[in-house]
Amino acid sequence: MTFVERAGLWIEDRKAATREAERRIKAAELSVVRLAFADQHGVLRGKTLTVGEIDAALKNGVGFTTTMLLKDTSHRTVFPVWQPGGGFGMKELEGAADVIMLPDPTTFRVLPWAPHSGWMLCDIYFTDGRPMPLCTRHICRNALQTLGERGYDFVAGLEVEFHLFKLEKAKLGVADSGQPGEPPDVSLLNQGYQYLTEQRYDEMDPILEILRTNLVDLGLPLRSIEVEFGPSQVEFTFRTGIGLAPADAMVLFRSATKQVAQRHGYHATFMCRPKLANVMSSGWHLHQSLTDRKSHTNIFMDGREPLSAAGMHYMAGLLAHARGAAAFSTPTLNGYKRYRPFSLAPDRATWGRDNRGVMVRVLGGPGDPATHLENRVGEPAANPYLYVASQILSGLDGLDRKLDPGPSADTPYDAKAPSLPRSLAESLAALGEDKALRAGFGDFFVDYYLKLKQAEIDRFNLDVSDWEQREYFSLF
């Protein structure tokens, strides 16, 4: 019996998707297929198999070490895997044991920048067929299932800012290696502060057109390409998708963009605020609404009001859990440097109609089937599965408790509202105390995530910064 049969996954839809993936592999005369899973940080990891091994992988998966799920952003393993329970009370983590990454055949694509290569996203399972509780794609799927049980589908569109630089020096010397290694030297593609100007877009068009072609050929629902406010900063937006599709699109978009840029002598970064002169912070605005599963109507739309009662309750949930959910929407130390007043980014949990200073912006209007919420809180480095799950779970709590979001904030940077966390440590503390998010993600995952990110903070606090050197080296 194969792994997919033992796990109860060998259903007709999967069989059909598997046959179609195998047909496309053969038709494209591929030589390899990349199998990738999104780790706890939303970074794609995996293995590349020759095509002769793919049939077995689709049926039985491919093993990899559990330590891949226990690493911080420097790739350091932060849990003592040689201790009983792997240092976290789970016997399956002991001794860097294996788990299984199982390809999802519905995600199959041919990589246009590497046309000999196929690509599939994977889900993670224990070797006995149980879903691995640290798999963030499983976590998002569970949140979507909970939403589906209430009769709703999640609809989301992506609006992603990032920086695109010319790569000057890759820093590949032996002395440049480390955990992490030295960042590359880069130069600007434009001087910036020329928001949406056509001249600046044309300066960047050669690489933007290469990116556009590859993303469209990959099947991603690209909608627009814009020159953003800061130097060498751009924004890509994507049409709405349902369920897991927007999160899958985001991990593939980031990975594809970095790979294509690197192949053409550029460096793309989704880091929120790079340490470069005159730089602007980048955000990830998540546009979202819910549709009724039976009627397929947008439950946020109202005939008379800008937002329905259900939409108001859902939005109130986003605001009520904003501080704890920030650990997922803004999971890096760097991302909190974006939360500042008068910056086109939020600094507190507020809402308003078409106001770019609030955290949640209401878009649409009475009778508009496109009525939705734009949460402006996220950074582009967020794990998409955790970001989306945090939105669903926060919004559901608002719906369940019929929460009231309060009045709109016409002057968002003066509004009396809870401040967003000023640091990753502050957001982790809020997450640890958030009962609804703990219930939705599960205590096991929340405690794991808190320990994982705290290790990142501890490592940061041991490092001597440029600020400290300037401040104290001559003075004392």
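A salt bridge is a side-chain nitrogen of Lys or Arg within 4 Å of a carboxyl oxygen of Asp or Glu. The structure holds 27 salt bridges. The model is predicted: local features need pLDDT of at least 70 and side-chain atom pairs count only at pLDDT 80 or more, whereas totals for chains, interfaces and linings use all residues. Residues are numbered from 1 along each chain as its sequence is written, and side-chain values use heavy atoms, with hydrogens and water left out.

**Figure 1. A salt bridge between two helices.** Side chains of opposite charge can pair when their charged atoms come close. Arginine 137 and aspartate 248 form a salt bridge in which the closest N and O atoms are 2.8 Å apart. Arginine 137 belongs to helix α4 (residues 136-149) and aspartate 248 to helix α6 (residues 245-263), so the pair ties together parts that are 111 residues apart in sequence. Helices (H or I, at least four residues) and strands (E, at least two) are DSSP runs, numbered from the N terminus. Both arginine 137 and aspartate 248 are buried; buried means under 20% relative accessible area, exposed over 50%, and partly exposed in between (1.4 Å probe, protein chains only). A network of salt bridges links Asp104, Asp123, Arg137, Arg141 and Asp248.

Figure 2. Aspartate 397 and arginine 401 form a salt bridge, with 2.9 Å between the closest N and O atoms. Both residues lie in helix α9 (residues 384-401), where they are 4 residues apart, about one turn of the helix. Aspartate 397 counts as buried because its relative accessible area is 15%.

Figure 3. Strand β6 (residues 117-125) has 9 of its 9 residues buried. On one side are Ser117, Trp119, Leu121, Asp123 and Tyr125, and on the other Gly118, Met120, Cys122 and Ile124. Two strands pair if DSSP finds at least two bridges between them. Strand β1 (residues 32-38) runs parallel to β6 and is joined to it by 5 bridges; valine 32 stands opposite serine 117. Strand β4 (residues 98-103) pairs with β6 in the antiparallel sense over 4 bridges, and methionine 101 has isoleucine 124 as its bridge partner. Strand β5 (residues 109-110) is also antiparallel to β6, with 2 bridges, and these two strands form a hairpin with 6 residues between them.

**Figure 4. Aromatic pairs.** Rings of Phe, Tyr and Trp (its six-membered ring) pair if their centres lie within 6.5 Å; planes under 30 degrees apart count as stacked, over 60 as edge-to-face and the rest as tilted. The structure holds 22 aromatic pairs. The rings of phenylalanine 441 and phenylalanine 445 have centres 6.1 Å apart and planes at 20°, so this pair is stacked. Phenylalanine 441 is buried, at 7% relative accessibility, and phenylalanine 445 is buried at 2%. Tryptophan 467 and tyrosine 472 form an edge-to-face pair, 5.8 Å centre to centre with 85° between the planes. Ring pairs link Phe79, Phe88, Phe328, Phe441, Phe444, Phe445, Tyr448 and Tyr449 into a cluster.

**Figure 5. A lysine over a ring.** Lysine 166 lies over the face of tyrosine 266, at 4.7 Å from the ring centre. A charge sits over a ring if NZ of Lys or CZ of Arg is within 6 Å of the ring centre and within 35 degrees of the ring normal.
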